Amino acid sequence: MAAVDLSTLPQQLVTGLLIGAIYALVALGYTMVYGVLKLINFAHGEVFMLGAYVTLFISWSLGYTPGNVLAGGSWGALALMFVGSMVACGLIGALIERLAYRPMRSQPRISSLITAIGVSLLLQYGGQIFLLDGRPQNVDPKVSPAQGNFSIPLKPANSQLLAAAKALEANMAATKDAYEKAAEGKDKFNLPDDVKKLRSTSQDAERSYNDAVGKAENSSVSIILPKGQVIMLGTTLLLMAGLTYLVLYTKRGRAMRAVSQDFDAASLMGISVNSIVTFTFILGSSLAGAGAMMAATFQSGTKIDTFFGVLPGLKAFVAAVFGGIGNIPGAVLGGLLMGISENLVVWAGYPGYKDAIAFVILIAVLMFRPGGLLGSNKVEKV
Amino acid sequence: MKFWGVRIASILVAILLSFGLEKLGRGTDSFTQQLIVFAGLYVTLAVSLNLINGITGQFSIGHAAFYQVGAYSSAYLGIKFYPQFHGNLFVWLTLMALVGAAMAAVAGLIVGLPSLRLKGDYLAIVTLGFGEIVRIVIQNQKALGESGGLNVAPHTTEQPIMFVALLAVLCIAVCRNLLKTAHGLPFLAVREDEVASSAMGVNVTATKVIAFALGSAFAGAAGAIYANSLGFINPDLFNSTLSISVLSMVVLGGTGSITGSALAAMILFYIPEKMRDLKDVRLALIIGGLLAVGLAVSAIRYVIFNVHKSAAIRAAMHVGIIIGSVVIAEIVAFALGKIPALAGTVEGAKLRLVVSAVVLIVLMLVRPQGVFAHHEFSWSWVQKLMGKKAPSTEVAA
Amino acid sequence: MPKFSIRCGLAALALSVVIAGCDSKPAETPTEGGKPAAEGGKPATTGARPVPTAEPIKIEGDTIKVGLVASLTGDQKPWGDDSQAGAKMAIDEINAAGGINGKQVELLVQDSASTPAGAKTAAEKLLSSGVVEILGEVSSGNTIQIANSAFEKGVPVVDIGGTKTDLTDIGANIFRVCYSDAFQGPVMAQFAYDELGLRNVALMTDNKAPYSQGLSAAFKAQFEKLGGKIVDEEKYDTGQTQFGGQLNEMKTKNPDGIFMSGYFPEVGPIAQQARQAGIKAKFMGGDGWDSPTLLNSGGDAIIGGYLCNHYNNKEDRAEVKAFLAKWTKTHGGKEPGTTMAALGYDAAAVGLEAIKMAKSADTKGIIEALDAIENFPGVSGKITLKGGNGTPIKQALVVEVRPLAEGFQVFKKAYTPEMIK
């Protein structure tokens with residue numbers, strides 16, 4: 001177990017917050033569908049996965065194919081991928097609802113759950129056949145013009161260390177110069193002994209310099225925020241605000257709330273329940289699409305294959321329950337907290353248990369506060 | 001007297017049949033023998049899950065965890081103690097099965113506790129979560145081989161067909177006897193209505209806990225044999241996909257029907273294994289097939305809900321729909337095959353789980369109560385077929 | 001209720017078993033063989049490997065059945081496809097020239113799905129079809145399972161790309177055509193210390209892959225022997241995509257080099273995220289990096305990294321040129337993407353040569369013939385299995401990762417066992 005290093009804590013918290021933004025977006029979809037239909041949409045993770053694929057295909061059609069070196073990113077490309085992913089996912093979600101869930105409404109909830117599991121499996125394994133053989137793909141990171149990081153310094157570097165590093169810089173430059181002059185034109189890995197000596201001197205000098213720089217850097221505490229991921233967090237908050245406005249202040253939102261409170265009474269009141277349910281699915285799925293696009297583009301190393309949505313889907317569902325199922329700010333809060341706790345587990349030195357923490361949280365929440373953080377705490381009485 | 005006679009006779013018949021199966025199995029190659037063993041293990045898994053889900057009504061989808069606990073107990077003890085063991089392999093396997101069952105029962109008790117407060121969807125997710133927690137915890141234990149897995153001693157190269165058959169028979173027998181006697185009534189009562197049964201004096205808590213413990217014990221015993229049969233286990237073998245496969249077996253057979261679970265387990269296990277050998281399938285045929293399935297399902301649903309003729313006419317319509325959809329699938333495949341982008345083929349092996357998923361969805365849309373619903377194979381059913389009257393001392397499941 | 005008390009009793013029994021059985025010594029991961037400690041570049045010479053005791057299987061019928069386990073689906077599909085194509089090419093050549101002793105060679109292929117359990121099932125299936133030799137696999141974790149299954153039946157295994165050092169100690173019937181990590185690790189350690197001048201290296205190990213664990217250990221031993229320091233050891237699991245947690249910790253230790261001993265699907269993202277986290281260290285790794293997809297997932301970050309490989313397409317040897325000519329003809333002018341193509345070809349060629357030279361037409365004879373292979377002209381170098389306990393003594397090439405346009409893997413330095421200090 002690696003020793004717990006307090007100085008990295010702020011960075012880990014921030015990294016966790018950024019990961020949590022994705023969970024928050026996907027959790028919103030789960031929470032809305034559950035609120036309206038009391039159904040756990042197991043296939044939501046797969047809608048997320050399909051959104052990532054749509055993002056990938058759009059980026060390819062714009063020219064960012066693997067091996068192709070395009071000049072730079074463009075905001076236009078990002079916008080197109082964003083909107084495209086949201087629209088596609090909305091449509092897919094509506095389709096799933098219409099074909100697989102609506103016929104199940106009269107059946108007991110278990111049957112709907114099993115249907116959801118079936119749809120989820122179908123998309124995962126069917127996708128293996130139709131989507132590029134299931135080989136993992138990456139979105140070219142150069143699509144995003146927001147490269148680089150914001151750096152927030154919390155504690156400045158120790159000035160003595162900085163000065164020590166600066167002092168070594170001159171020596172390093174000098175020895176490097178001497179070596180490169182002597183090694184000109186020779187095979188760098190089969191040098192004669194005297195040039196080798198010059199090289200080791202140069203390497204030693206470089207190492208001392210880098211060491212000193214590193215020490216200086218480590219004495220400072222700063223938080224690195226990749227620019228892309230900051231955009232991710234900002235967009236999530238914006239979307240959440242928009243969604244809250246929609247649900248609380250518009251007629252359609254009122255209809256959604258009515259349906260989630262009492263399905264039959266709402267239909268008796270003249271609300272077209274079917275269209276509200278479809279609308280909810282479209283909303284939730286397009287949010288997942290937004291999350292997928294941002295995860296695929298801004299989080300480097302994201303590997304897109306047909307199982308891409310399984311674990312995030314499950315964790316997002318736990319986040320929704322954590323925050324209070326049916327509760328929109330709760331879903332976002334749950335998602336962010338989920339991301340943070342996951343990263344804290346890695347920080348504490350147990351990277352292998354990273355995925356288990358989600359389920360531990362779930363079980364703890366359901367045992368002790370079934371309504372979730374922001375939900376009502378009434379235990380279901382008969 | 002008649003009671004004991006029948007019981008002893010049926011035990012002897014079971015042992016004889018298992019022995020016969022083993023002799024039959026020895027005649028085939030080692031891979032087929034392993035498949036027979038796996039089939040028996042899946043039957044045990046499905047029937048034990050049915051005890052929890054179908055008979056007691058507790059929706060548990062983390063069954064792979066108990067399987068894993070049993071497997072790892074057997075593996076760990078085998079590595080530590082088998083070299084010093086100088087007895088019969090059969091005795092060792094029995095010991096391992098017992099230990100696996102005990103460990104899994106403890107796990108089942110732990111998992112069963114939240115079920116006391118939760119219902120339906122929540123319980124499902126919690127059990128799934130427990131399954132994942134068990135898998136991840138085991139995956140991080142150095143003593144259990146971490147992610148790399150364990151090579152199990154002893155590796156039963158002579159596959160334990162008879163043992164597994166007996167285990168499956170034992171599981172079915174216990175569940176059936178539970179169901180058909182007064183001991184089983186509390187389980188059914190809890191499934192139907194907890195409050196009413198509690199009002200009638202049923203100890204709901206104890207019933208639920210026993211269901212979980214019993215179901216998981218059998219899964220653990222099966223797991224112990226699985227480890228020895230396979231020779232190598234790692235945490236990836238026991239992921240949520242396995243839990244969901246076993247769940248689909250129970251659902252296909254009919255939650256609450258032991259016969260259904262057993263038969264569905266064998267079918268749903270055999271088809272994917274056979275598909276391993278499948279050569280290439282035309283991509284166009286897959287698309288055509290999916291379309292045809294969709295059309296057939298809508299048509300069948302229409303017939304089920306809206307057509308009110310006699311059963312025979314409806315059955316004939318169903319058959320007609322199925323034949324019609326096969327024809328449509330071929331026509332569409334032919335047409336689509338002309339398009340160059342869709343003219344390729346796909347390896348048959350990739351379709352295995354797609355078929356399982358489609359089976360699940362179609363089943364839920366067309367016959368959600370499963371093929372066998374609540375019915376069982378029993379002597380009275382056979383007698384009914386033969387025309388005799390059914391005895392009236394049946395406990396309707 | 002009596003049943004309840006029985007259950008309680010059993011639970012108590014179980015608990016007592018658990019408490020009694022929990023002692024502090026962890027069980028070692030067993031393999032059916034000894035554990036050697038290899039030194040430097042020399043293969044393990046700790047004496048006898050366990051000899052299979054099963055009855056030798058005779059070559060019967062009008063064809064010679066040879067099995068191949070390949071990762072045709074899953075993470076290692078690029079390697080599996082290449083190994084299959086390479087092996088097929090070798091076998092087709094021999095069949096076209098008349099087969100072995102008049103009999104044609106029949107190749108049976110099973111997919112391992114890139115997992116050890118899948119490899120085991122595949123091997124079992126092949127063994128029950130009556131193969132007299134198994135070729136495969138491309139990664140050590142899978143080959144270990146094949147070796148275990150084959151040992152029980154006494155069938156020889158020719159490993160294609162599994163480099164874990166103690167792989168060949170599972171049984172006297174296990175051979176390979178590639179070098180082992182007992183050589184590869186020290187080569188990279190030597191390169192890092194001598195050529196790159198690194199003194200503080202961090203290890204990034206894939207805790208789920210036996211290959212990665214073995215390679216990291218071999219690197220660490222040699223690097224510390226030379227006088228370097230391992231400043232940090234971080235672990236991850238195959239399939240992970242976010243490494244922020246581990247990299248944040250690594251950064252505080254200030255390494256000047258990171259040795260990533262894992263496979264290419266993870267190495268790319270690790271490199272990218274390391275640069276993003278502000279780590280300026282040099283990247284090094286083993287043959288697990290070898291795939292063009294590394295450039296996709298690694299982007300700019302992986303350019304300039306160094307890896308150790310088996311051979312290089314630009315080498316000036318006759319075997320390489322002949323192999324490339326044959327390959328490009330059947331693959332539309334493209335060169336093989338990974339070294340597994342050449343290694344698969346070599347494995348099949350060596351395996352069939354042994355069948356030809358076998359004194360008795362059964363598995364025992366094939367094993368003895370494999371043990372006598374000397375100076376076989378393989379595409380990946382001269383292969384001598386005689387006296388090597390299953391592992392050939394070959395050279396290793398250190399190459400630099402450059403963009404595709406520059407040739408992807410650019411040769412830098414060759415190492416032979418004598419160069420390891």
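The following questions and answers go through a predicted model, chain by chain and contact by contact.

Student: How many helices and strands are there in chain B?
Tutor: Chain B has 397 residues, and 49% of them count as buried. Its C-alpha atoms fill a box of roughly 65 × 55 × 45 Å along the principal axes. The count for chain B is 15 helices and four strands.

Student: What radius of gyration does chain B have, next to that of a compact globule?
Tutor: For 397 residues, a compact globule would have a radius of gyration near 21 Å. The value for chain B agrees with this, so the comparison ends on 23 Å.

Student: Among contacts in chain B between residues at least 6 apart in sequence, what percentage join residues at least 24 apart?
Tutor: Contacts between residues at least 6 apart in sequence form the set to look at in chain B. Within that set, the share that joins residues at least 24 apart is 85%.

Student: What separates the centres of domain 1 and domain 2 of chain B?
Tutor: The domain assignment of chain B gives domain 1 as 31-275 and domain 2 as 281-380. Their centres, taken over C-alpha atoms, are separated by 31 Å.

Student: Which element of chain B gives the most to the side of domain 1 that touches domain 2?
Tutor: The contact takes 17 residues from domain 1 of chain B and 18 residues from domain 2 of chain B. On the domain 1 side, the elements that give two or more residues are helix 10 (240-253) and helix 11 (258-275) of chain B. By class, this side has eight nonpolar, nine polar and no charged residues. With eight residues, the element that gives the most is helix 11 of chain B.

Student: Which helix of chain A supplies the largest share of the side that touches chain B?
Tutor: This contact takes 32 residues from chain A and 33 residues from chain B. Helix 4 (109-130) and helix 13 (356-368) of chain A each supply at least two residues of the chain A side. By class, that side has 23 nonpolar, seven polar and two charged residues. The largest share, 15 residues, comes from helix 4 of chain A.

Student: How many polar residues has the side of chain A that touches chain C?
Tutor: Here the contact takes 32 residues from chain A and 30 residues from chain C. Among the elements of chain A that each supply at least two residues are helix 1 (9-37) and strand 2 (221-226), while the largest share, eight residues, comes from helix 6 of chain A. This side has ten nonpolar and six charged residues, and its polar residues number 16.

Student: Is C:G197 buried or partly exposed?
Tutor: C:G197 lies in the loop between helix 5 and strand 6 of chain C, and C:G197 touches A:S200, A:Q203 and A:R207. A residue needs 20 or more other C-beta atoms within 10 Å to be buried. C:G197 has 19, so C:G197 is partly exposed.

Student: Which helix gives the most to the side of domain 1 of chain C that touches domain 2 of chain C?
Tutor: Chain C is divided into domain 1 (63-179 + 317-390) and domain 2 (182-309 + 398-419), with 28 Å between their centres. In the contact, 13 residues of domain 1 of chain C meet 15 residues of domain 2 of chain C. With three residues, the helix that gives the most to the domain 1 side is helix 4 of chain C.

Student: Which are the edge strands of the open sheet in chain C?
Tutor: Seven strands of chain C form this sheet in the order 7-6-8-9-10-13-14, with mixed pairing. The two edge strands each pair on one side only: strand 7 (229-236) and strand 14 (409-415) of chain C.

Student: What is the bridge partner of C:G285 in strand 10 of chain C?
Tutor: Strand 9 (residues 282-285) and strand 10 (residues 306-309) of chain C run parallel and are joined by two bridges. In strand 10, the partner of C:G285 is C:L307.

Student: What angle does helix 6 of chain C make with strand 6 of chain C?
Tutor: Helix 6 (residues 210-226) of chain C packs on the sheet and touches strand 6, strand 7 and strand 8 of chain C. The direction of helix 6 makes an angle with that of strand 6 of about 165 degrees.

Note on methods: Residues are numbered from 1 along each chain as its sequence is written. Chains are lettered from A and ligands numbered from 1 in the order in which they are written. This is a predicted model: local features need pLDDT of at least 70, side-chain atom pairs count only at pLDDT 80 or more; totals for chains, interfaces and linings use all residues. Two strands pair if DSSP finds at least two bridges between them. Two residues are in contact if their C-beta atoms, placed from the backbone, lie within 7 Å. Axes are lines fitted to C-alpha atoms, for helices over the stretch in contact, and angles run from 0 to 180 degrees between N-to-C directions. Ala, Val, Leu, Ile, Met, Phe, Trp, Tyr, Cys and Pro count as nonpolar, Asp, Glu, Lys and Arg as charged, and the others, Gly among them, as polar. Domain bounds come from an automatic or database domain assignment. The radius of gyration is taken over C-alpha atoms; the globule rule is 2.2 Å times the number of residues to the power 0.38. A residue is buried if 20 or more other C-beta atoms lie within 10 Å of its own, exposed if 12 or fewer, and partly exposed in between; C-beta atoms are placed from the backbone. Lists of a residue's contacts leave out its neighbours within four places in sequence.
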